[in-house]
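Please look over the model shown here before reading on. The notes below are arranged by topic.

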Amino acid sequence: MSKIDPSLFSAHEHALEREACPQCGAELVIRQGKHGPFLGCSAYPGCDFIRSLAPNGRDIEKVLEGSSCPECGQPLAIKKGRYGLFVGCTQFPLCHHIASLQESDETQIACPACDEGHLLSRTSRYGKQFYSCSRYPHCKYVVNDKPIAMACPDCGWKIMVEKRVRGALRWVCPQKGCGKQVDQGSK
């Protein structure tokens, strides 16, 4: 015989207030999605009504006074997203304007692959810094280490990258076939 009382785990009608779907009148139920729980219509797929369980505006950190969206004219806000803080329009589902909160760290080093863009410092979703061409997606050149505006003495590639190898700071050619290293002393 079990010592657990099954009545402890049963839901009572008064504990959960039932809400009707505004589109079809069916009951709304809590469902689980890839971004967390949400309220969805129990008549799905006939009715596709959904509503977030999180309060609206939870991603807004601060509304910026005196700045307006260039697309719709509404105020801009500092928002918190998947990859950190950014500036976005307060009218989000209607207006999709976003801008970076950080000023872009543009190196004055020309992209060696396309010779049209410059290498920009960016941050991956895991927080690692890398350098890519400002003409992305037209040019997809990327290096993981800090680029140096110096041609490789062996292969002639237009940049070298700064690496710390066994405690010594070195400039290394990023080309796969080359790998030339120039010693810059130890720190």
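This is a predicted model: local features need pLDDT of at least 70, side-chain atom pairs count only at pLDDT 80 or more; totals for chains, interfaces and linings use all residues.

Residues are numbered from 1 along each chain as its sequence is written, and side-chain values use heavy atoms, with hydrogens and water left out.

**Overall make-up**

- The protein has 15 strands and zero helices; both are DSSP runs numbered from the N terminus, with at least two residues (E) for a strand and at least four (H or I) for a helix.
- Of the 187 residues in the protein, 26% are buried (buried means under 20% relative accessible area, exposed over 50%, partly exposed in between, with a 1.4 Å probe and protein chains only).
- The accessible surface is about 13,800 Å², and carbon and sulfur atoms hold 51% of that (Shrake-Rupley method, 1.4 Å probe; for residues, only the protein chains shown count as cover).
- Among contacts with a separation of 6 or more, 15% join residues 24 or more positions apart (contact means heavy atoms within 4.5 Å).

**The sheet E1-E2-E3**

- Three strands form an open sheet in the order E1-E2-E3, with antiparallel pairing (two strands pair if DSSP finds at least two bridges between them).
- Strand E1 (28-33) and strand E3 (50-52) are the edge strands, each pairing on one side only.
- On average, neighbouring strands of this sheet are turned by 35 degrees against each other, direction ignored (axes are lines fitted to C-alpha atoms, and angles run from 0 to 180 degrees between N-to-C directions).
- Three bridges link strand E2 (residues 36-41) to E3 in the antiparallel sense, and Leu-39 stands opposite Arg-51 in E3.
- Phe-38 lies in strand E2 and counts as partly exposed because its relative accessibility is 22%.
- Phe-38 is 14 residues from Ser-52 in sequence, and their C-alpha atoms are 4.8 Å apart.
- Not counting residues up to four places away in sequence, Phe-38 touches Val-29, Ile-30, Arg-31, Gln-32, Gly-33, Ile-50, Arg-51 and Leu-53.

**The hairpin E13-E14**

- Strand E13 (residues 160-165) pairs with E14 in the antiparallel sense over five bridges, and Leu-169 in E14 is the bridge partner of Arg-164.
- Two residues separate E13 and E14 in this hairpin, and Arg-166 in the turn has a positive phi of about 50 degrees.
- In strand E14 (residues 168-172), five of five residues are buried.
- One side of E14 carries Ala-168, Arg-170 and Val-172, the other Leu-169 and Trp-171, and both faces are covered.

**Aromatic pair**

- The structure holds one aromatic pair (ring centres within 6.5 Å, using the six-membered ring of Trp; planes under 30 degrees apart are stacked, over 60 edge-to-face, the rest tilted).
- Tyr-141 and Trp-157 make up this tilted pair, at 6.1 Å centre to centre and 45 degrees between the planes.
- Tyr-141 is in the loop between strand E10 (129-133) and strand E11 (142-143) and Trp-157 in the loop between strand E12 (147-148) and E13, so the pair ties together parts 16 residues apart in sequence.
- Tyr-141 counts as buried because its relative accessibility is 14%.

**Nonpolar cores**

- The largest nonpolar core has 18 residues, of which Cys-111, Tyr-141 and Ile-159 touch the most other members (a core is a set of buried Ala, Val, Leu, Ile, Met, Phe, Trp, Tyr and Cys residues joined through side-chain atoms within 4.5 Å).
- E10, E13 and E14 each give two or more residues to this core.
- Another core, of seven residues, lies apart from it and includes Cys-21, Ala-26, Leu-39 and Cys-41.
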